[in-house]
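The sequence and structure come first.

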Amino acid sequence: MCTVCGCSEGEVRVEPGSGHDHKPQHAHHHEHHHQHSRSHSHEHSHDHHYGLGPARAHAPGLEQSRMVQIEQDILGKNDQYARANRARLTGQGIFALNLVSSPGSGKTTLLTSTLTALREQIPLAVIEGDQQTSQDADRIRATGVNAIQVNTGKGCHLDAHMVGHALDSLTPERGSILFIENVGNLVCPAAFDLGEAHKVAILSITEGEDKPIKYPDMFAAADLLLLNKIDLLPHLNFDVARCIEYARQVNPALQVIQVSATSGEGMEQWYQWLRLNRQNRLIGHATDVSAEARRA
């Protein structure tokens with residue numbers, strides 16, 4: 001069990017993306033040695049022993065000190081994998097983004113629109129995370145961009161170990177943008193570093209403007225908020241200014257772009273953000289390579 005979120009991950013399946021059929025399909029078991037205690041009493045005392053970690057973990061039946069230690073062990077192991085992923089991606093000049101949102105935010109539609117717009121300009125790749133099915137990965141591959149599906153089973157988030165396995169099969173091009181579409185969840189993905197350059201939170205205006213203060217860890221961890229489905233504003237009672245105010249209460253440095261993948265409004269500003277940040281990554285990569293060559 002993952003004590004950060006309480007999910008039981010079971011078997012994780014990584015399916016090869018198009019163009020990589022030479023890689024055998026394989027399944028692997030999560031290696032974080034999650035622990036689960038089932039012997040607990042339901043006496044309705046409401047003493048739930050919330051943890052003190054990034055996700056305020058909840059594991060009835062475990063003493064708080066024990067639960068916090070397990071959570072720290074899990075996150076510590078994840079961070080080791082994340083550092084390895086980050087070094088690998090940085091070394092190849094790959095600009096990786098962790099796309100996070102609740103279900104129904106329009107994340108996959110926004111991503112497919114982005115891939116269609118940029119595929120002729122920039123090398124792109126996608127790691128698609130879902131509990132089951134490959135439907136979203138199939139939608140992404142239909143754009144002509146290579147994608148690999150990671151099914152987490154009962155797990156409600158991707159972790160750095162899963163992403164490392166996916167990278168082995170996906171092998172993104174040097175200098176590409178790698179989109180990691182996380183499982184739809186505004187809680188657990190906030191705690192798990194995947195080795196990405198930035199977390200990008202996607203919030204639909206159909207979800208309500210108070211989401212940033214109801215799920216503060218996610219918005220605190222993000223560098224960019226895409227406020228999606230703004231084409232629906234005339235039909236909804238949604239206060240954009242208040243939503244942005246709430247988001248910046250949690251994270252004053254958070255950038256916000258208002259977009260609609262359906263109407264195209266704001267999408268060019270999002271594409272410009274991608275181009276600029278990828279270019280900065282490439283410049284940084286070239287500087288590091290030059291410095292390393294001088295030392296040699």
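A residue counts as buried when its relative accessible area is under 20%, as exposed when that area is over 50%, and as partly exposed in between. Arg 86, at 29% relative accessibility, is therefore partly exposed. The model is predicted.

**Salt bridges**

Seven salt bridges turn up in a search of the whole structure. Side chains of opposite charge can pair when their charged atoms come close.

| Asp 193 | Arg 86 | 2.8 Å |

The closest N and O atoms of Asp 193 and Arg 86 are 2.8 Å apart.

Asp 138 and Arg 141 are both in helix α3, three residues apart, which is about one turn of the helix. Asp 138 is partly exposed, its relative accessible area being 40%.

In the pair of Glu 268 and Arg 275, both residues have an intermediate accessibility: Glu 268 is partly exposed at 45%, and Arg 275 is partly exposed at 24%.

**Strand β5 and its surroundings**

Helix α3 (residues 135–141) also takes part in a right-handed β-α-β unit, together with β4 and β5. Strand β4 (residues 124–130) runs parallel to β5, and six bridges join the two. Within this pairing, Ile 127 has Ile 148 of β5 as its bridge partner.

How many residues of strand β5 (residues 146–151) are buried? Six of its six residues are, and the strand is mostly covered. In a regular strand the side chains alternate between the two faces of the sheet. In β5, Asn 146, Ile 148 and Val 150 point one way, whereas Ala 147, Gln 149 and Asn 151 point the other way; all of them are buried.

Gly 164 is part of helix α4 (residues 160–170). With a relative accessible area of 12%, Gly 164 is buried. Leaving aside neighbours within four places in sequence, Gly 164 is in contact with Asn 85 and Arg 88. The C-alpha atoms of Gly 164 and Asn 85 are separated by 6.2 Å, although the two residues are 79 residues apart along the chain.

Asn 228 lies in strand β8 (residues 224–228) and is buried at 2% relative accessibility. The side chain of Asn 228 reaches the backbone oxygen of Ser 105 at 3.0 Å. Leaving aside neighbours within four places in sequence, the contacts of Asn 228 include Ser 105, Gly 106 and Leu 110, as well as Ile 202, Leu 203, Ser 204 and Ile 205. Val 259, Ser 260 and Ala 261 are also among the contacts of Asn 228.

**Cysteines**

How many disulfides does a search of the whole structure find? The search finds zero. A disulfide is a covalent bond between the sulfur atoms of two cysteines. The cysteine sulfur closest to that of Cys 188 is in Cys 156, at 3.4 Å, which is too far for a bond, because a disulfide needs the two sulfur atoms within 2.5 Å. Cys 188 is buried at 5% relative accessibility, and Cys 243 is buried at 0%.

Notes. Residues numbered from 1 in each chain as written. Predicted model: local features only at pLDDT ≥ 70, side-chain atom pairs only at ≥ 80, totals over all residues. Heavy atoms only, no water. Buried < 20%, exposed > 50% of the residue type's maximum accessible area, 1.4 Å probe, protein only. Helix = DSSP H or I, 4+ residues; strand = E, 2+ residues; numbered from the N terminus. Pairing = 2+ DSSP bridges. Right-handed = clockwise from strand over helix to strand, strands pointing away. Salt bridge = Lys/Arg side-chain N within 4 Å of Asp/Glu carboxyl O. Contact = heavy atoms within 4.5 Å. Polar contact = N/O pair within 3.5 Å; in protein donor to acceptor, adjacent residues only side chain to side chain.
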